[in-house]
Number of protein chains: 4
Amino acid sequence: MSGVATPVIILNTKAYQESMGEKGLALAKACEEVTKETGVSTVICPQQFDLAWIAHQVSIPCFAQHVDAKDVGSATGWALPESAKAAGAAGSLINHSEHRLTMADIDTLVTRCRALGLTSVVCTNNIQVSAAAASLNPDMIAIEPPELIGTGIPVSRADPDIVRGSVEQVSAINRNVVVLCGAGISTGEDVRAAIELGAKGVLLASGVVKADSPKAALLDLVSGI
Amino acid sequence: MSGVATPVIILNTKAYQESMGEKGLALAKACEEVTKETGVSTVICPQQFDLAWIAHQVSIPCFAQHVDAKDVGSATGWALPESAKAAGAAGSLINHSEHRLTMADIDTLVTRCRALGLTSVVCTNNIQVSAAAASLNPDMIAIEPPELIGTGIPVSRADPDIVRGSVEQVSAINRNVVVLCGAGISTGEDVRAAIELGAKGVLLASGVVKADSPKAALLDLVSGI
Amino acid sequence: MSGVATPVIILNTKAYQESMGEKGLALAKACEEVTKETGVSTVICPQQFDLAWIAHQVSIPCFAQHVDAKDVGSATGWALPESAKAAGAAGSLINHSEHRLTMADIDTLVTRCRALGLTSVVCTNNIQVSAAAASLNPDMIAIEPPELIGTGIPVSRADPDIVRGSVEQVSAINRNVVVLCGAGISTGEDVRAAIELGAKGVLLASGVVKADSPKAALLDLVSGI
Amino acid sequence: MSGVATPVIILNTKAYQESMGEKGLALAKACEEVTKETGVSTVICPQQFDLAWIAHQVSIPCFAQHVDAKDVGSATGWALPESAKAAGAAGSLINHSEHRLTMADIDTLVTRCRALGLTSVVCTNNIQVSAAAASLNPDMIAIEPPELIGTGIPVSRADPDIVRGSVEQVSAINRNVVVLCGAGISTGEDVRAAIELGAKGVLLASGVVKADSPKAALLDLVSGI
């Protein structure tokens, strides 16, 4: 249902020092090069202030890191799906563990993203929440146990059942939803393990953003596909 | 203390349909033209996703509409002062009535903005809150009675005492802070009245963003200075 | 799975003037009398500050209006499931439309309530959110279209499909979950219609709290069962 | 301006296991006994659900731990000043570091508390925020550096300048405001030091709540006055 090819590697650049301004643009360019060289689908989530600026300069899809469910209009400083679309975004993360949303707002945002042609990726923290998210009909669900985020311990090894279980339960409720996994992913081996567990891609951040060579880290990741 | 010349007209483009993407860039260009033609200081607050993109294309100061007090790092989808700086911003609105912050976070953000060389504009809703904000030592305070925002009824006429009182009390507590006013401002006459009450400029949104000709609206506004 | 008998009438007393202090106790006593006289199950949700005080004085189940997912300990002013249990509560509303929670917190709270023997009632706003909530395995789901709350226009008449659809979808995902409905319910006829649509009870507020005679209003409601 | 005698010891029972239900009542009774035996003013802040229940059973003032700025009416699960008053409270903490509020809401709550005859205690985290709070005209300000809360390292020893500076700046802005201090206070010596720095009392929690004998801990504290 999503316009993004799978398997996919989604790079969330968060609000790291290493992804601000020109450094964020360099990360987006690295993703673009890797996609051009390998044919593997990558997506970049720039820092919020950089979205339009980066989206105008790369050919890969750019996703917002977060969108808010405020109405278009008097919503000073809020990040709307409609604004993301106008900025050149192709989709958005929704409900990342560092930026949780109410269940009603997740539902509203998935619907608004669909109407705008934006790919929606709802982040979840365990199997039953993944199952719940499936009923809201997003394009993708990214299961990320918060306790593993940023640890370098890949979810695909530390807790394979949470990936397998999410894939099964999401599929039982809504076959249209693609399941990704995240948290601790940093190598091609991690990606391969995730895909063997049924995931259609990965969502990651520090493993690439803080790598000495982000491009080399990305090339290693795509080698797992 | 701020790097922005006063009197100043600050245009908050909010999350209006009329300020997304290319339309937001056109609004920034209109401000730039007016400043070039008249010498009056203007500031544009683009939609959050457009900040870097617009800041790279205009010579007038660009302010973030809002910043969050999260730490640099794992802060997915949050808008940090450091990220605004890297995006090319010269300052930020803080605590707009549509995006309130805790008192502790306002304090933190003013301090972080100062360290980054970003001009801080703390929005307030009445005289005692303006006085409170003065103790937090921002560069500017913008008094905006929420009930007048978007009405076209200028605060300078509907409630002149709130402007005069804010100027007096802020000055008594902290002489370094510049006071602006907002809410319902749309004409040069409104601006003149604000300045006669002691304000050093205005913060406005719909009066320009939704005007048939934003540039004509801006020219009318600067005529009041 | 819940310890509350169905069909049930749950009275949410919100933060009305008419339900504070002694008036809230009188509402609880009215529910207790109606249950004693008619045998129909009623539940009272007192104002938060009154929970223990009222729970010590009536024999019907008292539910918290809301609980927060903070950890036991340094959580000043937050309302924890463990505290509700110690106060004598038999359950809690979770995610009322006037007090939304994140999906992750709803999940956590349902789990904590179950461990404490508290009946969990997750409020939802449409069919797909009801389906999502079913995966989180609460004891009960109360479907309440926010636009009808407080109107006196009963959801069972204004939007019967939302009740029927919620019952069907919740049942398809999790047979253990009881479905209630709310919003605009004020008469026995409304209750009867709700039950004919598959609901096992109702959640209501102003129709009783603001009635000239709350007991008469309750007696009318139970006549629909 | 407040109805509470100073010097005062305010016991915030937070959401500890040791302060739920009957244990919370016992803490309130211990405060009451200490006040009766020593004549020193004490205030208890019960867990939110226990406020009315405890307020009906002790003669010392009971304060809410937190109040919300929602309007009376449809505010499910929110804790209103008006509800606290009806529950028998004599005041409320406002803006505790574990439950921050926006500056506009602090202003609103102080005003509503005053109109209800409730003593308002606004918590602050540093000198400039104390100064800011003074402009909002609460009855009391409690300066509590968050990094010392729960450590047992008393603010009066670890950071005497923050207490002295808050007393000075608050007094310069608003002579009617009483300054308390908190964080790490657990002995009579800590209380004496706080009072020597200009505070009119202390706000504390774990030092008493988690003591083997809360009454003995309280008696030690009052010995510092």
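## Terms and model

Buried area is the accessible area (1.4 Å probe) that two parts lose on being put together, summed over both. The model described here is predicted.

## Chain A with chain C

Chain A and chain C bury about 1,500 Å² between them. Carbon and sulfur atoms account for 69% of that area. The contact involves 19 residues of chain A and 19 residues of chain C. Between these two chains there are 0 salt bridges. Polar contacts join 6 residue pairs, both residues at pLDDT 80 or more.

On chain A, α4 (103-116) and α5 (127-135) each give at least two residues to the side that touches chain C. The largest share comes from α5(A), with 6 residues. By type, this side of chain A holds 11 nonpolar, 6 polar and 2 charged residues.

## Chain A with chain B

Here 38 residues of chain A meet 38 residues of chain B. The two chains bury about 3,100 Å² between them, with 62% of it on carbon and sulfur atoms. Salt bridges between chain A and chain B number 0. Polar contacts are found for 28 residue pairs across this interface, both residues at pLDDT 80 or more.

The elements of chain A that supply two or more residues to the side touching chain B are α2 (51-55) and α3 (81-86). Of the elements, α3(A) gives the most, with 4 residues. The chain A side that touches chain B divides into 18 nonpolar, 15 polar and 5 charged residues.

Note on methods
Residues are numbered from 1 along each chain as its sequence is written. Chains are lettered from A and ligands numbered from 1 in the order in which they are written. This is a predicted model: local features need pLDDT of at least 70, side-chain atom pairs count only at pLDDT 80 or more; totals for chains, interfaces and linings use all residues. Side-chain values use heavy atoms; hydrogens and water are left out. Contact means heavy atoms within 4.5 Å. A salt bridge is a side-chain nitrogen of Lys or Arg within 4 Å of a carboxyl oxygen of Asp or Glu. A polar contact is a pair of N or O atoms within 3.5 Å; within protein, one must be able to donate a hydrogen and the other to accept it, and residues adjacent in sequence count only if both atoms are side-chain atoms. Ala, Val, Leu, Ile, Met, Phe, Trp, Tyr, Cys and Pro count as nonpolar, Asp, Glu, Lys and Arg as charged, and the others, Gly among them, as polar.
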